[in-house]
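Me: I've got a model open and a few things to ask about it. Can we go through them one at a time?

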Amino acid sequence: MMLQFLPLACLLFPAAHGQNDNVGSNTLPTIGLPSTSILNLGGDLVPTGTEFSYQSLTSTVTLSPGSLSGETALWANGLSTSTHASSTTPSSSSTSFTVLQGTLQSTTPANATATVNSTSTQPANTQPCNNYPEFCARKYSNITEVAAHNSPFVVPNNAASNQALKVIDQLKDGIRMLHGQTHMINGTLLYCHTSCDLLNAGTAESYFTDIAGWVRRHPYDVVTLLIGNADLVNVNDYAAPLQSSGLARYAYIPSEVPMGIDDWPTLSEMILTQKRVVIFMDYNANQTAVPYILDEFSHLWETPFSPTDRSFPCIQQRPPGLSIEDAQQRMYLVNHNLNTELTLAGITILAPTVSLLNETNNVTGPGSLGETADDCTERWSRPPNFLLVDYYNVGAGSVFKVAAELNNVIYDRECCGMVPSTAIPLRRNSVLLASTLGVAIVSALV
């Protein structure tokens with residue numbers, strides 16, 4: 001049996017204060033927050049306090065138009081592009097090719113196929129965008145993607161881990177949103193969970209470099225990065241690692257601030273311009289200072305954070321006080337990562353419920369991702385845009401099957417990468433020791 005010693009004094013959160021339960025007729029219900037201190041072992045807490053603020057944009061700012069205009073064709077034998085006003089004719093020897101076209105100035109959805117000439121039939125697009133040819137013509141805001149909750153936190157035998165496979169495997173398997181929490185330590189941005197004493201996954205620049213390399217090798221994929229700015233660091237401090245890693249060169253800069261749900265380009269338009277990494281930040285984004293780091297909550301909202309309720313109610317929590325009308329104009333993210341809340345010696349421990357992962361990540365059944373997705377689709381009259389899950393590999397691709405059903409496509413890929421035998425910490429009958437001042441708290445989890 002492996003014992004883990006966790007620096008409890010470093011991990012205690014201040015008391016979280018409950019939100020106002022009075023809900024007006026034009027607002028969405030909110031979730032009351034626990035009033036006890038919480039030791040965070042894999043879950044996340046809703047940030048509270050006056051230092052955490054949400055941007056309120058009462059008008060839309062139109063930025064400079066994008067560089068793509070007219071039609072652009074990409075052929076499957078390379079990423080050579082030609083911008084023109086007329087049609088493009090493929091080589092007579094071509095047997096399989098990709099035709100993508102679009103215009104950033106148009107609000108009309110781009111077609112997945114293009115006319116070769118006035119008399120020929122339209123060739124079918126054979127190149128997948130984010131693993132499906134059907135996605136090429138769809139708006140970024142009209143696709144459901146699976147998101148890795150705390151993507152970098154892959155540390156064997158660490159109770160604060162949320163994934164079993166590293167970021168390259170995640171992307172290879174089909175993850176298209178990467179979430180993670182950052183902290184500034186001695187002037188360096190690190191990916192750490194709650195505290196770098198609990199779990200330190202390395203520098204942000206190293207993580208960004210891995211993503212940039214994968215993006216460079218996969219020119220037909222659009223990837224989303226959701227940065228948790230836990231220390232409320234100035235957004236300018238993120239520019240250097242993003243640029244040094246090479247990831248900033250692919251960063252999408254929106255044409256408007258904020259972008260409404262119908263304002264987003266198609267995947268093909270983002271691919272053609274090679275601006276196909278969308279970067280969101282939860283707190284302290286400033287799109288005037290760094291235009292490619294987008295304020296998360298101006299563009300999408302989230303369901304309850306670090307859920308402990310297996311029914312996963314599909315109601316809006318962040319940003320607080322958002323009207324139904326405004327919520328319907330934004331994308332939304334479903335937090336579907338189940339946590340268990342235990343109280344020991346007056347301390348509440350929040351830990352991922354690993355023993356129920358097969359049910360939580362399943363396509364059907366009580367508490368399943370599929371059930372939650374169906375509930376959200378019915379409640380909001382459209383599917384969620386992102387499904388944020390723990391240990392996405394558990395279920396042999398079940399989370400991707402759920403997304404495929406929402407997208408009306410067929411999931412037939414193999415999943416998932418090889419998992420080290422020690423990657424997922426054993427919860428049932430396991431022991432965690434959290435020590436401070438020589439006092440040990442022994443907990444049998446789940």
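Me: Where does proline 258 lie?
Reply: This is a predicted model, where local features need pLDDT of at least 70, side-chain atom pairs count only at pLDDT 80 or more, and totals for chains, interfaces and linings use all residues. Residues are numbered from 1 along each chain as its sequence is written, and side-chain values use heavy atoms, with hydrogens and water left out. The peptide bond running from valine 257 into proline 258 is cis, with omega near -5°. Helices (H or I, at least four residues) and strands (E, at least two) are DSSP runs numbered from the N terminus, and proline 258 sits in the loop between strand 11 (256-257) and helix 5 (267-273).

Me: And the peptide bond from cysteine 415 to cysteine 416, cis or trans?
Reply: Cysteine 416 is in a loop too, the one between helix 10 (398-407) and strand 19 (430-436). With omega near 10°, the bond from cysteine 415 to cysteine 416 is cis.

Me: Is phenylalanine 312 buried or exposed?
Reply: Its place is the loop between strand 14 (300-302) and helix 7 (324-327), and its phi is near 45°, a positive value in a residue other than glycine. Buried means under 20% relative accessible area, exposed over 50%, and partly exposed in between (1.4 Å probe, protein chains only). Phenylalanine 312 has 4%, so we call it buried.

Me: Which side chain does the side chain of asparagine 335 make a polar contact with?
Reply: Asparagine 335 is in strand 15 (residues 331-335) and is buried, at 3% relative accessibility. A polar contact is a pair of N or O atoms within 3.5 Å; within protein, one must be able to donate a hydrogen and the other to accept it, and residues adjacent in sequence count only if both atoms are side-chain atoms. At 3.1 Å, the partner is the side chain of glutamate 302.

Me: Why is the pair of tyrosine 132 and phenylalanine 135 tilted?
Reply: Rings of Phe, Tyr and Trp (its six-membered ring) pair if their centres lie within 6.5 Å; planes under 30 degrees apart count as stacked, over 60 as edge-to-face and the rest as tilted. By this rule there are 14 aromatic pairs. In this one the centres are 4.9 Å apart, and the pair is tilted because the planes are at 50°.

Me: How many residues apart in sequence are the parts that tyrosine 332 and tryptophan 380 tie together?
Reply: These two form a tilted aromatic pair, 6.3 Å centre to centre with 45° between the planes. Tyrosine 332 lies in strand 15 and tryptophan 380 in helix 9 (residues 369-380), so the parts they tie together are apart in sequence by 48 residues.
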